[in-house]
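Please read the following points with the sequence and the model open beside you, and look up each residue as it is named.

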Amino acid sequence: MMADIDYGYLKDDDGQRFYPITNYELLTNKPDLSGYAKSSDLSNYASKLLFNIDNYGAKSGDRNFDNAPIINNLINKLPSNGGTIYIPVGDYWVNTPIIINNNYVHIVGENSGFRSNIDHDPTNSNRPGGGSKLCLTPTNPIGLKLGDSNIGDRLSGVVFDNLNIVGAAAIGKQVSQTGIYLNRNSDGVKIINNVIMNLDFGVVAVGSDALHLSNNWICELTNGVHVIGSSQQCQIQNNYIGCQPRGISLKFDNPYGATVTGNNIYPDGFECIEINNGTICNISGNNFQSFYTGAIKMSGNNILFSNNMIYLRKNNGNWSSDPIGRDGKYGAIHIDGDDYTINGNHILSEQPSDDTRILIMSGSGNKLSMNTISGVSNRKIVINGSCNNTLSIYNCSDSEFDGGGNSSNRNIN
């Protein structure tokens, strides 16, 4: 096996000292890199380094041992072009947040383990089995966060990959807990292939540009992914997200150019997706399921909402009242703003027949076309009378359409 491994050679600026090193050795050994901190060769090579936390004193399975200081110390020693911190399989308890304060830092696990509380034998563990787990103690508010930095106004290229981030909800948390908190301006952060659960918030991102969040299982928590502040060009793709009755699965404030595709959103958060003041956003090809009115709430301009499957389900045979008190006239899909394109969605509704399916509450120039709205209702599409030039094409019959008494709002069937 060793014959297939390429060796790299690190040397001082004076060219005199050499140290052969391999990716395999970086995972299993603890090379002494002191003396190379200013070496250009080391700086160029270090972005590929993998620091195994076990080799620096981390302990798995000890709830009384805080692994965060060890991980933070490794992060702080990385050069300006970053590097990788490797989390082996095990239960690594963190009593304090892990703080990333440099560009291009990768926090990588071996695998994300079992995804759910129900996938393990509760007599053996109070947590899902397997995986590179970062376990928050009941008093720790945050698993991983971005820290203060003197390198500029934002952090770039940070990656969280193949981790199992578990809050203390199952064992009695004492504070509100967030799995990943991007609490400052950032660019190009990737959150991929993780399990995030038993928390109040899965991911909270503030001022994140080009955030990429994909192939995660973010469930069994109160709130899923909240992108707040202003953001640009975020991609939320191919995730499984499920929240609690007073939670929001996906929330965006002031997004520009967000893309949300291929996600499965489970009950029973009171909103599957909320977009506030969005511009040029694409919400397509998702599977939304909800027990409540107001499952999809969007405001803004030039938003494409297309080819989504939306299942408005009864819960144990009954339609559920909204946890925050909105009545059936609010609309399962509630829209404010101008120049929306809402087309090709399949809406399977078990709402009461007099509840509104789609409500256009405000705006002009909105177009709805070729949406399948199943179920008996005389309020499949309702347009507020203050709206202008709303066009509904092949969505419902005239008896199922309410234009709000404004002749500029038209239905073609």
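**Notes on selected residues**

1. Asn 216 is buried, because its relative accessible area is 1%, where buried means under 20% relative accessible area, exposed means over 50%, and partly exposed lies in between, using a 1.4 Å probe and protein chains only. This is a predicted model, in which local features need pLDDT of at least 70 and side-chain atom pairs count only at pLDDT 80 or more, while totals for chains, interfaces and linings use all residues. Residues are numbered from 1 along each chain as its sequence is written, and side-chain values use heavy atoms, with hydrogens and water left out.

2. The place of Asn 216 in the chain is the loop between strand E19 (212-214) and strand E20 (217-221); helices (H or I, at least four residues) and strands (E, at least two) are DSSP runs, numbered from the N terminus. Leaving aside residues up to four places away in sequence, Asn 216 touches Ile 191, Ile 192, Asn 193, Asn 194, Asn 238, Asn 239 and Tyr 240, where contact means heavy atoms within 4.5 Å.

3. Four aromatic pairs are found in the structure. Rings of Phe, Tyr and Trp (its six-membered ring) pair if their centres lie within 6.5 Å, and planes under 30 degrees apart count as stacked, over 60 as edge-to-face and the rest as tilted. One of the pairs is Phe 51 with Tyr 56, which is edge-to-face because the ring centres are 6.0 Å apart and the planes stand at 65 degrees. Phe 51 is buried, at 11% relative accessible area, whereas Tyr 56, at 23%, counts as partly exposed.

4. Phe 288 and Phe 305 form a stacked pair, because their ring centres are 6.3 Å apart and their planes are at 15 degrees. Since Phe 288 belongs to strand E30 (residues 287-290) and Phe 305 to strand E31 (residues 296-306), this pair ties together parts that are 17 residues apart in sequence. Both Phe 288 and Phe 305 are buried.

5. A charge over a ring can be examined at Arg 326, which lies over the face of Tyr 330 at 4.9 Å from the ring centre; the criterion is that NZ of Lys or CZ of Arg is within 6 Å of the ring centre and within 35 degrees of the ring normal.

6. Pro 69 lies in helix H3 (residues 68-77) and is partly exposed, with a relative accessible area of 46%. The C-alpha atoms of Pro 69 and Val 94 are 8.7 Å apart, although these residues are separated by 25 residues along the chain.
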